[in-house]
Amino acid sequence: IEQKMAKLESEGKTVMILADGKEIAGLIAVADTVKESSSAAIKALTELGIETIMLTGDNEKTAKAVAQKVGINNVIASVLPGEKANIIKNLQSEGNVVAMVGDGINDAPALAQADIGIAIGSGSDIAKETGGIILIKDDIMDVARAIRLSRATMNKIKQNLFWALIY
């Protein structure tokens, strides 16, 4: 049983033991499902030169297993909701521009603290109210699309200003 538990935990699953008195009756393994587009989204963000960090309240083993599946190298796990905003504040104090993607009430303070708060459309109302960008389709690939669109828009604004000043 210990070997089976260790294997399940190494796969990022939370293991619960069912027991009747002193005998173990079984194990239940629970895991977060990873959307198919998550790996592609992380790859797209990396190609845009964006460093990704998983900031989660999940336990470290689970978080690292999920991060490995999607290609995230930096994981900060077992974080309480109030601590997320402080971690973002620390990243900002190091000179980083921080975008936070979140969907729950526990993400709202971090979404507010981030330079760019991106709320998942199916998330809580408070997350959507706090985020500056709302992903309507719940497709994490839209984060990379939004960044590409923002960069293209800024380039067009700069071009227009240049030509307006020349004129």
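**View 1. Asp142 touches Leu135 and Lys137, leaving aside residues up to four places away in sequence.** Contact here means heavy atoms within 4.5 Å. Asp142 sits in helix α7. Helices (H or I, at least four residues) and strands (E, at least two) are DSSP runs, numbered from the N terminus. Asp142 is buried, at a relative accessible area of 13%. Buried means under 20% relative accessible area, exposed means over 50%, and partly exposed lies in between (1.4 Å probe, protein chains only).

The model is predicted: local features need pLDDT of at least 70, side-chain atom pairs count only at pLDDT 80 or more, and totals for chains, interfaces and linings use all residues. Residues are numbered from 1 along each chain as its sequence is written, and side-chain values use heavy atoms, with hydrogens and water left out.

**View 2. Helix α2 (residues 37-47) packs with helix α7 (residues 141-166) at an angle of about 25 degrees.** Their axes are 7 Å apart. Axes are lines fitted to C-alpha atoms, for helices over the stretch in contact, and angles run from 0 to 180 degrees between N-to-C directions. That angle makes α2 roughly parallel to α7. Angles under 35 degrees count as roughly parallel, over 145 as roughly antiparallel, 65 to 115 as roughly perpendicular and the rest as oblique. From α2 come Ser37, Ala40, Ala41, Ala44 and Leu45. From α7 come Met141, Val143, Ala144, Ile147 and Arg148. By class, the contact of α2 with α7 has eight nonpolar, one polar and one charged residues. Ala, Val, Leu, Ile, Met, Phe, Trp, Tyr, Cys and Pro count as nonpolar, Asp, Glu, Lys and Arg as charged, and the others, Gly among them, as polar.

**View 3. Ser39 belongs to helix α2.** Ser39 has 31% relative accessibility, so it counts as partly exposed. Ser39 touches Lys69 and Val70, not counting residues up to four places away in sequence. Gly82 is 43 residues from Ser39 along the chain, and their C-alpha atoms are separated by 28 Å.

**View 4. Three strands form an open sheet in the order β5-β6-β7.** The pairing is parallel. Two strands pair if DSSP finds at least two bridges between them. Strands of a sheet pair through backbone hydrogen bonds, either parallel or antiparallel. β5 and β7 (133-135) stand at the edges, each with a single partner strand, so one side of each lacks a neighbour in the sheet. The twist averages 20 degrees from one strand to the next. Four bridges join β5 to β6 (residues 116-120). Three bridges join β6 to β7. Ala119 of β6 stands opposite Gly102. In β7, the bridge partner of Ala119 is Ile134.

**View 5. Side chains alternate along strand β5 (residues 99-102).** Met100 and Gly102 point to one face and are buried. β5, helix α5 (residues 108-113) and β6 make a right-handed β-α-β unit. A crossover is right-handed if, with the strands pointing away from the viewer, the path from the first strand over the helix to the second runs clockwise.

**View 6. Val98 lies in the loop between α4 (81-93) and β5.** Val98 is buried, with a relative accessible area of 9%. Not counting residues up to four places away in sequence, Val98 touches Ile88, Leu91, Gln92, Ala114, Asp115 and Ile116. Val98 and Asp115 are 17 residues apart in sequence. In space they are 5.3 Å apart, C-alpha to C-alpha.
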